[in-house]
Amino acid sequence: MLITKDDRIAGTIGDGHVAQALVPALSAVDFRCTVLEDRGDFCQKELFPQAEAAILINNTRVADFIAIREDDYIVVMTRGRKNDTLIQAQALKTPAHYIGVIGSARKTAGVFSVLRSQRFTDRDLSRITTPIGLDIGSETPAEIAVSITDQRILLLPGMYSRNLSCTCLCG
């Protein structure tokens, strides 16, 4: 999913239950959302009625489907370590302002180990915020979506203002 404020976009990659809860949560606070997903069955606008678009992508070539700018925010919510690694490696090569990843410490450690073997430095990896969302004891997809939405608002320059956008990159 990419989330934007004015011209700034934040992206989330992944379309599962949390992403399906996150799009309406972000839309409720005036973010515009676009979903990117690599599985045709899940890349359905009907699953994300508040999204501006649902775009079928190839996870190995995200840049072919969307241009990430320096004001953009990326949120990674993929299905598994392999997809997380693919997406995070690509995200780190962009000028994105923010890269956030949902996932456990164990999953993060595994992904970071592979990224280091691909010559990403600790400084590069420090660009990734994980786990994403505020620690409010979230358990359900809706609660996790609220914690992520709250964090997005807090991280926006100048805090919260109207006319925000989000684009969901799902994979």
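Which residues have the most contacts inside the largest nonpolar core, and how many residues does this core have?

Author: This is a predicted model, in which local features need pLDDT of at least 70 and side-chain atom pairs count only at pLDDT 80 or more, while totals for chains, interfaces and linings use all residues. Residues are numbered from 1 along each chain as its sequence is written, and side-chain values use heavy atoms, with hydrogens and water left out.

A nonpolar core is a set of buried Ala, Val, Leu, Ile, Met, Phe, Trp, Tyr and Cys residues joined through side-chain atoms within 4.5 Å. Buried means under 20% relative accessible area, exposed over 50%, and partly exposed in between, with a 1.4 Å probe and protein chains only. The largest such core has 22 residues, and Leu22, Val23, Phe48, Ala51, Met77 and Ile148 have the most contacts inside it. At least two residues of this core come from each of helix 1 (17–28), strand 3 (33–37), strand 5 (73–76) and helix 5 (141–155). Helix 1 gives the most, with 7 residues. Helices (H or I, at least four residues) and strands (E, at least two) are DSSP runs, numbered from the N terminus.

Take Ala51: leaving aside its neighbours within four places in sequence, Ala51 is in contact (heavy atoms within 4.5 Å) with Val23, Cys33, Val35 and Lys45. A second, separate core has 20 residues, among them Val76, Val101, Phe112 and Ile128. In soluble globular proteins, nonpolar side chains tend to be buried together.
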